[in-house]
Amino acid sequence: MKRAEIYALINKFAPPETAEEWDCVGVLAENGNEEIKKILLCLTVTEDIFNQALEQKCDMIISHHPLFYVPIKYKSINIFCAHTNLDLAKGGTTDTLIKNLGLEKSEENGFVRYVDLTSPISVSEFVQKLKKLSPNLRYVNNKNVKTIQKIAFCAGSGSEFIETAKDEGADAFVTGDLKFHTALESPIVIFDIGHFESEIPILKVFEGLLQNKAEIILAKEESPFKTI
């Protein structure tokens with residue numbers, strides 16, 4: 001498949017014009033190879049990921065996270081990314097996280113998605129649900145809340161939306177990259193499942209978009225954080 005056709009498929013699903021102004025989405029590097037037969041999918045392009053692509057003889061790397069600086073050697077392969085535009089897309093990162101938990105989105109507001117449960121669930125029961133996705137789960141419950149029903153979600157790093165979630169009636173918020181003072185001051189229950197864990201399911205969405213278009217390989221990558 002031609003690389004321009006692959007760009008078009010992803011851009012149709014996650015329009016680049018919806019990305020944040022500061023973001024760097026789309027083509028990150030191109031070589032002279034326009035015919036794409038093998039693609040490596042990853043969250044983040046690192047030297048290890050680049051080497052995996054070379055070892056697997058891939059024609060392209062597609063990532064979620066952008067590169068704001070592209071090392072010269074990386075330009076020996078086609079690299080494309082969809083970041084905040086993929087976060088905002090219907091069926092994107094946060095929607096996929098919700099789906100993987102067996103839940104159904106009820107509404108959305110920008111990067112934040114909401115789930116209104118038909119009946120309350122205990123915090124402890126929801127913890128067990130999240131632990132199936134993330135061994136690095138941690139949570140904050142400053143008000144000693146026992147049950148929750150309206151839950152906000154933002155895959156990746158979304159703690160800036162805690163107040164938004166509260167104002168829109170959420171009892172809890174699921175995200176990653178929670179900082180100490182943010183946790184200390186949170187007015188609602190927050191579940192930090194980890195940046196990596198909240199976004200890694202999106203690679204299967206990429207795979208679905210590109211199936212039968214090229215050979216797809218999922219990169220070997222994992223969270224840098226380890227639970228002891």
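Cys 42 is buried at a relative accessible area of 0%, and Cys 81 is buried at 1%, where buried denotes under 20% relative accessible area, exposed over 50%, and partly exposed the range in between, computed with a 1.4 Å probe on protein chains only.

Residues are numbered from 1 along each chain as its sequence is written. The model being predicted, local features need pLDDT of at least 70 and side-chain atom pairs count only at pLDDT 80 or more, whereas totals for chains, interfaces and linings use all residues, and side-chain values use heavy atoms, with hydrogens and water left out.

Cys 81 also belongs to strand 4 (residues 78–81), from which Ile 79 and Cys 81 point one way while Asn 78 and Phe 80 point the other way, all of them being buried. Helices (H or I, at least four residues) and strands (E, at least two) are DSSP runs numbered from the N terminus. In a regular strand the side chains alternate between the two faces of the sheet.

Two strands are treated as paired if DSSP finds at least two bridges between them. Strand 4 runs antiparallel to strand 1 (residues 26–29), to which 3 bridges join it; in this pairing Ala 29 stands opposite Ile 79. Strand 4 runs parallel to strand 3 (residues 60–63), with 4 bridges between the two, and Phe 80 is the bridge partner of Ile 62. These strands belong to an open sheet of 5 strands with mixed pairing and the order 1-4-3-2-11. Strand 1 and strand 11 (215–218) stand at the edges with a single partner strand each, so that one side of each is left without a neighbour in the sheet. From one strand to the next, the twist averages 25 degrees.

Helix 2 (residues 47–55) packs on the sheet, touching strand 2 (38–42) and strand 3, and its direction makes about 160 degrees with that of strand 2. Contact here means heavy atoms within 4.5 Å, and the axes are lines fitted to C-alpha atoms, for helices over the stretch in contact, with angles running from 0 to 180 degrees between N-to-C directions. Helix 9 (residues 202–210) packs on the sheet by touching strand 2, strand 3 and strand 11, at about 155 degrees to the direction of strand 2.

A search of the whole structure finds 12 salt bridges, each defined as a side-chain nitrogen of Lys or Arg within 4 Å of a carboxyl oxygen of Asp or Glu. Within helix 9, Glu 207 and Lys 204 lie 3 residues apart, about one turn of the helix, and form a salt bridge whose closest N and O atoms are 3.2 Å apart; Glu 207 is partly exposed at 23% relative accessibility, whereas Lys 204 is exposed at 53%.

Asp 95 forms a salt bridge with Lys 105, the closest N and O atoms being 3.3 Å apart, and another with Arg 113, for which this distance is 2.9 Å. Asp 95 and Arg 113 are both buried, while Lys 105 counts as partly exposed at 30% relative accessibility. Lys 90, Asp 95, Lys 105, Glu 108 and Arg 113 are linked in a network of salt bridges.
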